[in-house]
Every structure is written in C-alpha cells, then in structure tokens.
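Thanks for sending this one over. Here are a few notes to read alongside the model, in numbered points.

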Amino acid sequence: MTNEFKGAVSRRQFLATSAAAALTAGAVAAPGRLMASEPLKVAGIYTVPVEQQWVSRIHVAALTAQDRGDISYTYSENTSNSDYSRVMREYAEQGYQLIIGEIFGVEAEAREVAAEYPDVAFLMGSSFKEDPAIPNLSVFDNYIQDASYLSGIIAGAMSKSGNIGMVGGFPIPEVNRLMHAFMAGAREMNPEMKFQVSFIGSWFDPPKAKETAFAMVENGADILYAERFGVSDAAKEKGLLAIGNVIDTQSDYPETVVASAIWHFEPTLDAAIAAVKDGSFTAADYGMYSFMKEGGCSLAPYGTFEGKIPQEALDLVASRTAAIKDGSFTVAINDEEPKSS
C-alpha cells in the first residue's frame, strides 16, 4: 500500500467530521411544501471511495452543509457504472430531494433516470452541458484552472532541470484543462519548460501512477504533477518535489508537496441547495462556482516550503491572484488533450 493511499484512508475520519468553510445561501421556501427550517434530503452517489481527491471535495462540502443543519446527507461509494442508474432510482424512490454525484461514465443512462423523476433535483459532475429538456438536471465540473495555473508558477520556479512530469487519470476535459493551466503557469517562470504527459487509464490506481512517474524521473523530470494518487510517493522516494491537485496532501508529504491547487465544492453545493429550497432549481451549468473569484478554488498554504520558494514566483502568484479575483486576468480554459513537449 502506498503512503499516499494510506494517507487517503487515514483521512476518512477527517472527512467524516470536517467542517470546511462554506458560503451561506439564503432560501425561504422549498418544493413539496418543505419549510425553510427543514433540512433538505441529499444523497451522494460516487464511483470511487470518498477519500479519492475529486469526490472527497464533494463529500466534505455535503458534510459541512449537514453540520449547518441545511441538509440531511447519505451516500453510496464505489458504485459501478453498471449499477449507477439503479442507485439513482433507489434514492429518488426513497424521497431524496437532491441527488449529487458524477456521471462521466453513464451520461445517457443518468439523464434518462433524471427525466423519470422530474420532482427530484440532480446535480451531477458531467463532461457535457445541461439539457433544457431535463429541467431538473444541472451539471458541474471542477473548473479550478485558476489555482492550477498558480501552482504551475511555483513548479516552474522550483524546477532546476526545466523538465516536469505530469501523470493524469484520463485525458478528459476535467483533467486536460487543469494540466494546460498548470503548464501555462510553469512557462511564466521558464518559457522553455519541457513537459512529459501521460495518462494511466484509471481514476484510482496508485501503483500504476507511481510507476509512470518513475519513468518520467528517469527521463529527466525533477518535479511531478500529481493529478493522481501514487505520484507523490514516487517523488518522495526519488527526493523530488510534487505539485498536488484538488486536495492538500502536504501533511502526508511535508518535504515533497510544495504546492497544491485546491477545489472548494461548497459554493457549488450551497447554490444548488438554495435553488432547491426556494423552488428555482432548473437545468443549469454550475461550473462557474469552481472559479477562484467565486471561492471555488485556491492555492494551498505553502506550509513547510515557506521561505523556500523564489520571491519572484511568490510576487507573480500574488499579483495574478488579485487579478484573477478582480477579473483583470483570465486563465485560459483549454479542454484539448495535452501532449508531451
């Protein structure tokens, strides 16, 4: 078992009690005559363990809303794609008013189920846009390219070889845009930066991600972009640095993970909760709530790397952060598959 995977397992208790900061959305009414003071019944359906980076952010946001008393929350994890539609129907039949999850591998089937239950709100991670013909299904995505770009600036400043290895799960838009933003940030520090890009064909295979990263190190990479679990283990064993994605794993890798782009799902979920409660929930794209100016992403604290990052990079991160938040600078969204250079 890799250190990173063990760290993920150890975070289950943290995920069960975490109260991440969230935006409070005002709502005064709800469908089905639900009073504003009543918690909304919310169910999560996940195809991976709740410790997995992406899903963990949704899970923590739901726990936060539950701790506030806004929702009552249950979830199913490790749900196979072949079983996903059945689980959706079961939760809908049980009276859950908002169902959240990710339907990247079951787009058509999930949308069919949503259409069968027009009185249930569905908020689903998706590679596709909302469909007005299914007004009770909204989509979201982790548009954290702003934070990924900033983490790239740090990586570019810390790399001595000018060669960065990048290991991803699948070359889908959700991954591609973050990699492109990271690469753009790194090139701010070194326009000649070279990148090795590889995808392991899995969302959760730490050993494969680790072996892929080892090959990149052999090919000259001195910093690794850890889009998947397992990559930071490779960096640690080789005495190199890593850049995290979606969650902050520096506590597990205090001498390895120098920076991480963090996704905050709270703004996305809180907006949906408010819409369901006031009866305004309809087909929409909630992707904007992951933008930095909406509070949907941030660069993790540098922690053990305070004082070790070149000032030039810190100054650029600070100025770009302010510009991103005030709208004077926009990080490009590029969903095309990134290639090695």
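**Notes on the model**

1. The crossing in which H3 passes H4 is right-handed.

2. Please keep in mind that this is a predicted model. The average pLDDT of the protein is 90, and 89% of the residues score at least 70. Over residues 1-35, however, pLDDT stays under 50, and for this stretch the model has 77 contacts beyond four places in sequence.

3. Helix H7 (residues 206-218) and helix H8 (residues 231-238) have axes that come within 7 Å and cross at roughly 45 degrees. H7 and H8 are therefore oblique to each other, and their crossing is right-handed. On the H7 side the contact is made by Ala209, Lys210, Ala213, Phe214, Val217 and Glu218, and on the H8 side by Val231, Asp233, Ala234, Glu237 and Lys238. The class count for H7 with H8 is six nonpolar, no polar and five charged residues.

4. Which residues other than glycine have a positive phi? Asn78 is one of them, with phi near 55 degrees; Asn78 sits in the loop between strand S2 (71-76) and H3. Val246 is another, with phi near 80 degrees, and Val246 belongs to strand S9 (residues 241-246). Is Val246 buried or exposed? Val246 has a relative accessible area of 2%, so this residue counts as buried.

5. Finally, a word on Glu312, which is part of helix H10 (residues 311-326). Glu312 has 59% relative accessibility and therefore counts as exposed. How far apart are Glu312 and Ile153 in sequence and in space? The two are 159 residues apart in sequence, and their C-alpha atoms are 9.7 Å apart in space.

Note on methods. Residues are numbered from 1 along each chain as its sequence is written. This is a predicted model: local features need pLDDT of at least 70, side-chain atom pairs count only at pLDDT 80 or more; totals for chains, interfaces and linings use all residues. Side-chain values use heavy atoms; hydrogens and water are left out. A crossing is left-handed if the near helix is turned anticlockwise from the far one by less than a right angle, and right-handed if clockwise. Helices (H or I, at least four residues) and strands (E, at least two) are DSSP runs, numbered from the N terminus. pLDDT is the predictor's confidence in each residue, from 0 to 100. Contact means heavy atoms within 4.5 Å. Axes are lines fitted to C-alpha atoms, for helices over the stretch in contact, and angles run from 0 to 180 degrees between N-to-C directions. Angles under 35 degrees count as roughly parallel, over 145 as roughly antiparallel, 65 to 115 as roughly perpendicular and the rest as oblique. Ala, Val, Leu, Ile, Met, Phe, Trp, Tyr, Cys and Pro count as nonpolar, Asp, Glu, Lys and Arg as charged, and the others, Gly among them, as polar. Buried means under 20% relative accessible area, exposed over 50%, partly exposed in between (1.4 Å probe, protein chains only).
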